[in-house]
Amino acid sequence: TIKILLKGLRSPQESVHDLSPIESFRIPTKEDLRELREEPTDPQAQQEIINSIEEVYFSNDSFDIVKYELERLPPVLSLQELEEYRDKLKQQQAAVSKKVADLILEKQPAYVQELERVTSLQTGLQLAAVICTNGRRHLNIAKEGFTQTSLGLLANQRKRQLLIGLLKSLRTIKTLVCTVVFLSIVFYPKEEDYPGAIQLCLECQKAASTFKHYSCISELNSKLQDTLEQIEEQLDVALSKICKNFDISHYTKVQQAYRLLGKTQTAMDQLHMHFTQAIHNTVFQVVLGYVELCAGNTDTKFQKLQYKDLCTHITSDSYIPCLADLCKALWEVMLSYYRTMQWHENHDQDEAAAVSSVSDGSNVIGTEENSFDRSYVKKKLEHGLSRIWQDVQLKVKTYLLGTDLSNFKYDDFIFVLDVISRLMQVGEEFCGSKSEVLQESIRKQSVNYFKTYHRTRLEELRMFFENETWELCPVKSSFSILQLHEFKFMEQSRSPSVSPSKQPASVISTTVTLFEQYCNGGNPFEIQADSKDDETEDVLASNGYESDEQEKSAYQEYDSDSDVPEELKRDYVDEQTGDAPVKSISRETLRSRKRSDYNLNKVNAPILTNTTLNVIRLVGKYMQMMNILKPIAFDVIHFMSQLFDYYLYAVYTFFGRNDTFESTGLGLSSSRLRTTLNRIQESLIDLEVSADATGTLTAAEERKEKVPSPHLSHLVVLTSGSSLYGLAERVVATESLVFLAEQFEFLQPHLDAVMPAAKKPFLQQFYSQTVSTASELRKPVYWIVAAKAIDYEQMLLLMANVKWDVKEIMSQHNIYVDALLKEFEEFNRRLNEVSKRVRIPLPVSNILWEHCIRLANRTLVEGYANVKKCSNEGRALMQLDFQQFLMKLEKLTDIRPIPDKEFVETYIKAYYLTENDMERWIKEHREYSAKQLTNLVNVCLGSHINKKARQKLLAAIDDIDRPKR
C-alpha cells in the first residue's frame, strides 16, 4: 500500500484519477485519515522529506524493497546506524502517509458525486429494458397483420418489373454479340471500311458499359476489345501499304479510323516506322533478287546475309540495272511520303476553312485538340523528311561502296554518276539536303575510278605519242570542239552560266520539280536507251580541203586583189596595236607578206593530229564526269592538267630539247617555260622505268602516279635537210599544242565555274604558268631548224678569207654576203615546199625567219670578231656588206624591224670609239662575248688605242667575264 501511495506522491500536481488502479487497496476510513492528519508536520518540511525518498522506491511493482534494503546493509552492522536509518524511514513513511491522507480527503466529495451518478444510470437502464420489451411485442403484432399480406403483393410486382427489364437487357446483349461476330467475320476484312468498323465497335463498347453489372458482359467486353485490337492491327497493315503505293481514298479511310480511335499522333509515329522499314525491305529485296538471279542454282543462303554483305555479291553486269531499280524503288517510297505530306496539307486547309465557317465557340476544346494534332503531324512529317532521306542515302551509299567500279567502262560509270546525280537532285527537292553522304561515297568511287581510268588514258596517250607520225589531221575550217559528242553537254550552257540563285524570280517560280513532274506516274530513274544525237560528227574534211574550188585556190597566182582580205589591202597593220603606220608599202611587199603565211588553202583550218583529237575527247569525257559530280571537280581538273602537261612535255622532248643550241644564251626558253618543264618532269614523268625495284614503298607509290617519258617514232625523220629537218612534223606538233592550249583557254570559264573556291589558285596557276607557255615552245623547237637550215660555218670560212685592212673604201660588197643571201633564198624555197604539205602559220614563219636572221647576224659579229687586222676602210666595208645584206634580206621577208640589226651595227661602230668611251661601252654592252670584246680591243691597238689603254680595257673585260665563269 505504501508503495502505491509513493507512486502517487511523485508528482504532487497529479489528481487522484491519474493514479494507477488499486483494486487491492483498502480505502482508508475517516478515522485512519484523521489519525494521519493529527500528526503535526510542517508542509515544507514534509515535502523535503518526500523529495529525499530515493528514486528506486518509485519504480515498478516488481521492485523488492526488502531485498533492496538488505543488500544496502554494510558488512559490519552498527546498531546505532541501523536505528538512525530506521528512524529516517519512519519519518519518510509518516510524511508519505500524511500526504496521501490529504489527497484522499481533498477528492472525497467528487467520489461521492460520481457514485450517485452511477446509481442513477442503473435506474435508467432498467427503464429502457422495459420499453424495448414492449416495442418488440407491438412489432410482432404489425408483422402478422400487414407485411405478409399487403407488402408481399408489392414485392411480387416489383420482381415482375425487374424481370421485364432483364429481358430487354438480354435482348440488347444478344444484339451486341451478333454485332461482334459480324465485325470480326464480315465487315472490315472484306470492305476495308475501317472507320465504319471502329465506329460500330465503339458504339458496342458504349452500350456494353451500360450492362457492365452483368457477369456475362465482362466476356463480351473482352471480345469487343479483342476485335478492336484486331481492327487496329489490320489498320496498321493498311497504313504500311501507303509507303509504296499511296492511294488517296485508302489513306483517307485510315486517317479517319485513327482519328476515331484518338490515335492520330500514334498513327504518325507508326507511319514513319513503316517508311523506315519499307526502305530497308525494298532495297534488300531488289538487291537480293539480282544476287539470286546472277548466282543461279548455287546453294548460298543469301536470305540470311546482311544488306551490306549482300551488296558485295552484285556482279558488274547487273550493277547498273540493279542500281536503276534500286533508285526507282526508293523513288516510289519518297513519292509516297511526298504525297502523304500533300494530303495532310490539303486536309489541314479544308479543316481550317470548315472551322472558320462554323466558329460559334460551342466546341472550343475539340478544336484545340484537333489543332494540336495537326501541329504535331506537321512537325513530325517535316522532321521525317531528313530522316527518310538519310536512310535512303545510307542504303545507296552501302550499295555504291559494295562494288569496285574502277574496271567499269567509261559510259557505264558516267551512267552511274548520272543516276546518283539525279538521286541527289531528288534529295535536294525532297528535303533541301546537299546529300553529303552520297557526295562523299560517290566522290570516293569517282576518285578511285578516275585514278585507274586516268592512268590507263595516260598509258594510251604515251602509246599514241610513240606511234604518232605527226601528220596533219584534216578537219574543216569551222571545226569546234563543241561539235564532238563528248562536248554535247555544253551546248545548253554556251551562254554565260547563271546560277539558280541569280536567275529571275519568274524563272525560278515556274520550275517544275521532279515530284511535281512524276507525281501522277512515271519514274525519273527509268533507264533510257543510249541514244546518240541524230547528227553524227562531221568535223573531218575530205583530203584536207573544204572543196575542189578551195583546193584550186590554194595554188592560184596572187595577181588579183579579189581574194585579198580587206585588212591586207590596207597599209601594214601592227599586230600588237592594230594601228597602221603613216608610211604605205608597195604592192610587191603586200604580195610577199601574203606569201609569208605559207597557206595550204585560204581557209585556215586548225592544225592538229589524231593524238590532239584524242586528248580533246578525253578532256570532254573528264568534263562530263565533272559536270555530273561537282565534288570531284578538283581531281578531274588536276588530271586534265596532267593530259596537257604530258602533251607539252612530249612535244618538247621530241622537237625542242637540244643542249647544243640551248646554250647560245639567246633566251630561247623563258624561265617560266623551264620551270614548267622541270615541274612536269618531277611530278609526272617516271625517269626510273628500268631501275630495280629496291626502292621504298613510298617511292613505289609515287612512281605509280607517274608515266614514262615517251619516245619519238622511228618513222619521224628530223635529220633530213630536204625536209628542213622535219619542219612539217615540228609545225604539226607545236601548232597542235598551241591549238590544244587555245581549247583549254576556251574551257577556262567552265572549269572556273565548277572549281571549289579553295582550289581556284591551282587552276589560275595552271593557266598562267602552263597553258600560256605553249606558244613559247615555238622558239626552242624552230630554233633547231633555223640553226641547221643555213650553213653558218661556211659563212665564217668565207669571212675569214676577206682582207679587212684595206687602204681605200670599196664600192663592192664581199662574196660571203651573196653566199649568205643564197642560203636564205634556198631556205625560203624549202619553206615553200614544206608549206605544200602543212600550212605554216604567220607566227611560225616569223619565228623561223627571226631565228635565222638572229643566227646570221650573230655569225656576222663572230666573223668580224675573228679579224686580226682592220683599218677604218675595212670597217666601212663591213658596214657596206651588212647594208647590202639587209637590203636584199628585206625583199625576202616582211619582218620589221630586222632582229639583232643593232647588234651588228653597234659592234662595227665600236671600232671608232676612244679609250674612255670604249671602256664605258664595254661595261654597258654585256651581250657580246669576252672573245668578241677582246678582239675589238686588239684590233684597235695601234690605231687609236695604246698598250696601256689596251691593258686597262682587257682588265675591264675580264671583270665583266669573271662572274660568268
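Among contacts (heavy atoms within 4.5 Å) in the chain between residues at least 6 apart in sequence, 81% join residues at least 24 apart. This is a predicted model, where local features need pLDDT of at least 70, side-chain atom pairs count only at pLDDT 80 or more, and totals for chains, interfaces and linings use all residues. Residues are numbered from 1 along each chain as its sequence is written, and side-chain values use heavy atoms, with hydrogens and water left out.

**Whole chain**
- The chain holds 35 helices and 2 strands (DSSP runs numbered from the N terminus: helices H or I, at least four residues; strands E, at least two).
- Of the 965 residues in the chain, 39% are buried (under 20% relative accessible area, 1.4 Å probe, protein chains only).
- The accessible surface is about 54400 Å² (Shrake-Rupley method, 1.4 Å probe). Carbon and sulfur atoms account for 52% of that surface.

**Helix pair H20 and H25**
- H20 (residues 610-628) packs on H25 (residues 727-754) at about 5°, with axes 11 Å apart (lines fitted to C-alpha atoms over the stretch in contact; angles run from 0 to 180 degrees between N-to-C directions).
- The two helices are therefore roughly parallel (angles under 35 degrees).
- H20 contributes Thr612, Val615, Ile616, Val619, Met623 and Met626 to the contact. Residues from H25 include Phe739, Leu740, Phe744 and His750.
- By class, this contact has 11 nonpolar, 4 polar and no charged residues (nonpolar: Ala, Val, Leu, Ile, Met, Phe, Trp, Tyr, Cys and Pro; charged: Asp, Glu, Lys and Arg; polar: the others, Gly among them).

**Ser709**
- Ser709 sits in the loop between strand E2 (707-708) and H25.
- Ser709 is buried, at 16% relative accessible area.
- Leaving aside neighbours within four places in sequence, Ser709 contacts Glu466, Tyr646, Tyr649, Thr653, Ile685 and Asp686.

Terms used:
Buried < 20%, exposed > 50% of the residue type's maximum accessible area, 1.4 Å probe, protein only. Parallel < 35°, antiparallel > 145°, perpendicular 65-115°, else oblique.
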